[in-house]
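Hi everyone, thanks for coming. Please have a look at the chain on the screen, and then I'll walk you through a few parts of it.

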Amino acid sequence: MKKVDCRQILACRLCDETKLSTLIKFGNIPLGNNLLKNQNDSIAAESFPLELKQCQNCHHFQLGHAVAPNVLYATNYTYLSGVAASFRKHFQDYSIWIQRKTNLKDHSSVLDIGSNDGTCLEFFKKKGFRVYGVDPADMPVQIANSKGIKTLKGFFDKEMYKELVAMSGNFDLVTSHNVLAHVDNLRETFVLIKKLLKRNGWFCFEVGYFREVLKDGLFDTIYHEHLDYHHAYPLVEHLTNLGFDIVDISVNDIQGGTLRILSKKTGNGDLSVKARKFLKEELASPLYNRSYLYNWEHSIKARMKELKKNIHYYRKKGFKVIGYGAPTKATLLIKLSELSQNDIEFVIEDNPLKVDRFLPGTGIPIKDSSQLNKEEFDIILLFAWNFYDDIKLRLTQKLSKPTKILIPLPTFRKVEIC
């Protein structure tokens, strides 16, 4: 591992305090999105330290090491936000909610940071908004621009800020979805967003909610692309110090539990009644239960041992096991449960950009979902468990015989699809 590719995080990414305590050490893990086209290269893919820490000052959770962004979001980055039907529906509902909460007019300007393939912006464009996107990944940016969503390729930094202002001026709304856990310089990002907004402009973002991760044990959301693990209190404190009013805080079920914060650039730093109530309830959650936090690693190991035991049981019985979905989380699940290609023969995937590639560290091949009825198998391990409803519908339509499905999280369970 070259030092330029990975650096140790020594201070809190929100408040800059240096007192960070370690909660979990996963060891060295390959980058989950590094899906290479050569099997041997995939097996030999470089691994990086993965550990979870907490700031003792503001209680923000974060990784202990940061992999260089140019390594994380290289040409192998294949995630597309428009693949899942439930995600598209979520963005459609979100655009309606935003217009209702903010009263923005249909000619208003909207910037989506980390806009991926432009799925979210499509719904704002249909309403007549002027839409712009920023994303560092090649393939999603190409797809967005092909759909007429003006998308700049690059990271949201000082240079990108200047380019956006020169192109469009200040914005009425800046939004972001499951991206503020990824950015390399979090404090600078918030400052630049504030500068980019018009006076009384709106900033609304969604991030994975670490309260739900803790409550349901969803440790597979911890990976190198996610530098931060957010909850409301540290974010609200930081935003109000910058002069944002916190208008609304809510939680939705997308991606296993997502926190949504709606704020307004006023210079006051006020909290709505709803925001105050939310923060009070959050203080009583596992986020502030030290015993729960420090026993979590033991619980994770026990659950992965159970998954390994079940897979090995079916393999010894002669059953053929395959996977469904090649999300980033699959790499961590496979690593912690000590599975290999001897256990999982291949993985089925709906995202065409991931097909004919291999999972890092194991070299497990990824095949197109059209192969479901052309391959022999007995059991499916559902790596993309958070999209179970979408996948269940697809499997029901495609499978020609009753098939057992293993769902690893939130709790290990077995279902049969006919």
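What should the 18 residues of α3 span at 1.5 Å a residue? The span should be 26 Å, and the end C-alpha atoms of α3 are 26 Å apart, which agrees. The expected span here is 1.5 Å times one less than the number of residues in the helix. Helices (H or I, at least four residues) and strands (E, at least two) are DSSP runs, numbered from the N terminus.

A word on where this comes from: it is a predicted model, where local features need pLDDT of at least 70, side-chain atom pairs count only at pLDDT 80 or more, and totals for chains, interfaces and linings use all residues. Residues are numbered from 1 along each chain as its sequence is written, and side-chain values use heavy atoms, with hydrogens and water left out.

Let's stay with α3, residues 85–102. Its buried residues are Phe87, His90, Phe91, Tyr94, Ser95, Trp97, Ile98 and Thr102; buried means under 20% relative accessible area, with a 1.4 Å probe and protein chains only. An α-helix has 3.6 residues a turn, so residues three or four places apart point the same way. The cover over the buried residues of α3 includes α4 (119–126), β9 (171–177) and β10 (197–208). Just after α3, Asn103 takes a positive phi of about 60°.

Next along is Ser108, in the loop between α3 and β6 (109–113). Is Ser108 buried or exposed? Ser108 counts as buried because its relative accessibility is 4%. A polar atom of its side chain lies 2.8 Å from the backbone oxygen of Lys105. Leaving aside neighbours within four places in sequence, Ser108 is in contact (heavy atoms within 4.5 Å) with Phe129, Arg130 and Asp172.

Strands β18 (residues 403–407) and β19 run antiparallel and are joined by 5 bridges. Lys404 has Glu416 in β19 as its bridge partner.

Definitions and conventions:
Two strands pair if DSSP finds at least two bridges between them. Buried means under 20% relative accessible area, exposed over 50%, partly exposed in between (1.4 Å probe, protein chains only). A polar contact is a pair of N or O atoms within 3.5 Å; within protein, one must be able to donate a hydrogen and the other to accept it, and residues adjacent in sequence count only if both atoms are side-chain atoms.
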